[in-house]
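User: Got a model open here and a few things to check. Can we go through it piece by piece?
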Amino acid sequence: MKKKLIAGIMAVVLAAGLLAGCGGNSSSSESAPPAAEEEAVNQGAPAEPQQADTTEATGEDVTIKVAIWDYSSTEYYKTMFDAFRETYPNIAIEIVEFTSDEYDTVITTQLGGHQDFDVVFMKGTPSLAALINQGHVYALDDLLAGDESFDADAYAGLVDALSLEGHTYALPFRYDNNLLFYNKKLFDDAGVAYPKDGMSMEEYHALAKQMTSGEGNDKVYGALVAQWVGNAYMYAARTEEFVFDDPTTYEALIPYYNEILAMQDEGIIYDYGMLKTSNLHYTGIFYKQQTAMLQMGTWFVNNLFENVQDFEWGVCSMPNNVGMGNENCIGGVTPVSIGAYAKHPAEAWQFIKYVCGEEGAKTLASCGVIPAYSLGAVGEIFDAAPQTYAGAPENLSKYLSCEKKVIEQPMNAKGGEIATVLEEENSAIMTKSVTPEEGVLNMIDRVNAILEE
């Protein structure tokens, strides 16, 4: 991230024993739907799990091979990996870098050929589940059970969420919660109270209507619901009314769709079709103060830090129909695993614990990137941001780690196929080709068919 942000939080970072470099690609998928898994992925029962070697690292000089995407353009990777080398000088790191767009396909092909990656970064739970299904990553159960220094509670449920059929295959590296961002200046100018935790969808609708003003190019919309299906189902997913791979929960989406469509009909949110066909991006819309509220993932915090605005902004939890405040977070996770053909699994475990633990988390936090690890100095680093960026809220840490972290897409090898169905039916609903009831029924039928294959 920008040098002036680093300078402002340096006291906190140095107190934690870390001097972090930032900047470059944030490696976030920005809530866009994940690519469907390759046709070659085995959709049957998961392979019998292989446990990683629990033999302790010898301390001898070794080189671990790490598969990752966009390493060259992501400075926090380099900072974090350099810090690991200083802590474990006997462990060298060989980076095997692939492009972000091709990563899921290439890593599946590489591991299918028994490539000896010691550490494998994953883009999300669907890709992890597919590799587990093929037997390409180690189960970590024995390592977790035998390591007294590891504290799963520091991840607010995410370690358990990365389990499949009773076995854990990865540690969580990043986690991007979804929040309601809002422009404080627009609310102040209108004399309207800021959004608050626990709003109902009806209250959110009414607030957005209050904050809509102007016409044509000067129009300010009350809210923006981005065009990806996750931005429609995330409201109900946070409260666990809707579960991504459980069609019995899908009818819970109907009242949410009805509210969103009503807001669209009244012209208080951007039209779905316009967002799909235009070059408008939510970042520019928010920066230009053309929307008062925006539901988006916490990677947007990093965007706002790096693109300084001349207005103050705030965040609160997403509205919902069950009265939930800030108890649950909802978002995507970046898992890290040990490859099933690793030559140095013990050293790979040391590396994964480091980058996914407190030291790695402090590096991510100092760059405005949200780690999965929740304890220690992480909250202090985010709460120090307003010292150098006047627009940032003072209570960011409150919204970056909740009592429970829900994964948007639970572990399922067919997650890519499910995401494609939901995306297609969401488009039909939002363009009024079908009613919410019809679209949701289509989702149920189609996803049931996938799960029964």
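This is a predicted model: local features need pLDDT of at least 70, side-chain atom pairs count only at pLDDT 80 or more; totals for chains, interfaces and linings use all residues.
User: Which ones are buried in H13?
Analyst: Trp299, Phe300, Val301, Asn302, Asn303, Leu304 and Phe305.
User: OK, cysteines. How many disulfides are there?
Analyst: The count is one. Cys329 and Cys402 form the disulfide, with sulfur atoms 2.0 Å apart. The pair connects distant parts of the chain, 73 residues apart: Cys329 lies in strand E9 (residues 328–338), and Cys402 is in the loop between helix H17 (396–400) and strand E10 (404–407).
User: What handedness does the disulfide have?
Analyst: The torsion about the S-S bond is about 80 degrees, so the disulfide is right-handed.
User: Cys402, buried or exposed?
Analyst: Buried, because its relative accessibility is 9%, under the 20% cut-off. Cys329 is also buried, at 0%.
User: Switching to the core. Which residues have the most contacts inside the largest nonpolar one?
Analyst: Phe121, Trp313 and Phe351, in a core of 157 residues.
User: What does Phe121 touch, beyond its sequence neighbours?
Analyst: Leaving aside neighbours within four places, its contacts include Trp69, Tyr77, Phe173, Pro335 and Phe351.
User: What lines the largest cavity, by class?
Analyst: Seven nonpolar, three polar and no charged residues. Among them are Trp228, Tyr272 and Met430. Helices H9 (230–238) and H18 (415–430) each supply at least two residues of that lining.

Terms used. Residues are numbered from 1 along each chain as its sequence is written. Side-chain values use heavy atoms; hydrogens and water are left out. A nonpolar core is a set of buried Ala, Val, Leu, Ile, Met, Phe, Trp, Tyr and Cys residues joined through side-chain atoms within 4.5 Å. Buried means under 20% relative accessible area, exposed over 50%, partly exposed in between (1.4 Å probe, protein chains only). Contact means heavy atoms within 4.5 Å. On a 1 Å grid over the protein atoms alone, a cavity is a set of points where a 1.4 Å probe fits but cannot get out, and a pocket is an open set with protein on both sides within 12 Å along at least five of seven lines; lining residues have an atom within 4 Å of a point. Helices (H or I, at least four residues) and strands (E, at least two) are DSSP runs, numbered from the N terminus. Ala, Val, Leu, Ile, Met, Phe, Trp, Tyr, Cys and Pro count as nonpolar, Asp, Glu, Lys and Arg as charged, and the others, Gly among them, as polar. A disulfide is a pair of cysteine sulfur atoms within 2.5 Å.
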